[in-house]
Amino acid sequence: MKRRSLPVAAASMATAALLLTACGSGDDKADDNDKIAGADQAAETPKESASASGAPSGDKPDGVDVSLPSDMNLVFDWDKPKDKNEAAAMEDAANYLRAIYRGVDKRTTKDAAVTTYSTGDGLHYAQVQINEWIKGGWTATGTLRHYDATTRSAPNGSSVEVAFCADAGKFYGKEIKTKKILTTKPSIADFDYFKIVMVKFPTGEDLWQASKVFVETKAAKCR
C-alpha cells in the first residue's frame, strides 16, 4: 500500500463543496468569465501566532515557519505570474500545502502555519488531511511535484484561483512506528489536479489564505 498525496485522505468525505472529483465530465476548462467558487468568502484572522524560531529565514514567509523535514520535498515547478496579487496568492498556495505537510510531520492540525494560510473550507480541508495521516500512523517522505500552474483573479481583486497539477509518483507514506515506506507501482492514481481559491487577508499586506479546495483525482491531463 502506498499513502499518496492529499486527495486520497479526503476521498471518503461526502462534502461535495470541499472536494471535487472527476466524474467523466469531459472538458472541464473554466470559462474566463466564470465566477470563482468561494470568491466572496472573507479571510479570517489566524488563530495562532507564529513562533520566532525553528527555521531559516527562507522558511518563514509572513514570519511563519513552514519548514519541512529533509526527506519531505515539495517541489513547485511553476512560473511566477506578472500580476502582483496573483503572484502572492500562488506563493501562499504553496505555503498552504507546505503547512499541511508540516502538520502531518508535527502530528497536529494546530500548527501556526496551518491556521495562518487557510480559512473556512480550506482550513477544514487541511484539518481533515492531517487527521487522516495521524489516524493512519503515517508521515510522508519523497518528492511531491506541482506544475502547470495557472492563476485567475476575481473581478473584485480579493480572491485568486490557483490551479495546478500534482505528481505523487515519488512521494510515499511512511509508517511512524516501523519506519517502513509504503510504495506501489506508478499509475494514473499518482496524478491530481487542484484548484485552490485564495482570499486576501484583510489586514495583511501580502498574506493570502486558502478558502476552498477542489481536487480532480486520477487526472489524465496531468500525466
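Visitor: Which residue in E5 is the bridge partner of Ser159?

Guide: Val199 in E5 is the bridge partner of Ser159. This is a predicted model, where local features need pLDDT of at least 70, side-chain atom pairs count only at pLDDT 80 or more, and totals for chains, interfaces and linings use all residues. Residues are numbered from 1 along each chain as its sequence is written, and side-chain values use heavy atoms, with hydrogens and water left out.

Visitor: What makes E3 and E5 a pair of strands?

Guide: Strands (E, at least two residues) and helices (H or I, at least four) are DSSP runs, numbered from the N terminus. Two strands pair if DSSP finds at least two bridges between them. E3 and E5 (residues 191-200) have nine bridges, in the antiparallel sense. Therefore they count as paired.

Visitor: How many bridges join E2 to E3?

Guide: E2 (residues 138-153) and E3 are joined by 13 bridges and run antiparallel. Thr139 has Lys174 as its bridge partner in E3. The hairpin of E2 and E3 has five residues between the strands, and Gly157 there takes a positive phi near 75°.

Visitor: Why do E3 and E4 count as paired?

Guide: Two bridges join E3 to E4 (residues 181-182). The definition asks for at least two, so E3 and E4 pair. Lys174 stands opposite Ile181 in E4. E3 and E4 form a hairpin with five residues between them, and Lys179 in the turn has a positive phi of about 70°.

Visitor: What makes the link of Cys165 and Cys222 a disulfide?

Guide: A disulfide is a pair of cysteine sulfur atoms within 2.5 Å. Here the S to S value is 2.1 Å. Therefore Cys165 and Cys222 qualify. Cys165 lies in strand E3 and Cys222 in the segment after strand E6 (208-217), 57 residues apart. The link is left-handed, with -75° about the S-S bond. A search of the whole structure finds one disulfide.

Visitor: Why is Cys165 called buried?

Guide: Buried means under 20% relative accessible area, exposed over 50%, and partly exposed in between (1.4 Å probe, protein chains only). Cys165 has 3%, so Cys165 is buried. Cys222 has 4%, so Cys222 is buried too. Strand E3 (residues 159-175) is mostly covered, with 13 of its 17 residues buried.

Visitor: Is Lys80 buried or exposed, and how do you know?

Guide: Lys80 has 67% relative accessibility, so Lys80 counts as exposed. Lys80 sits in the loop between strand E1 (72-77) and helix H2 (84-106). The C-alpha atoms of Lys80 and Thr150 are separated by 9.6 Å, though the two residues are 70 apart along the chain.
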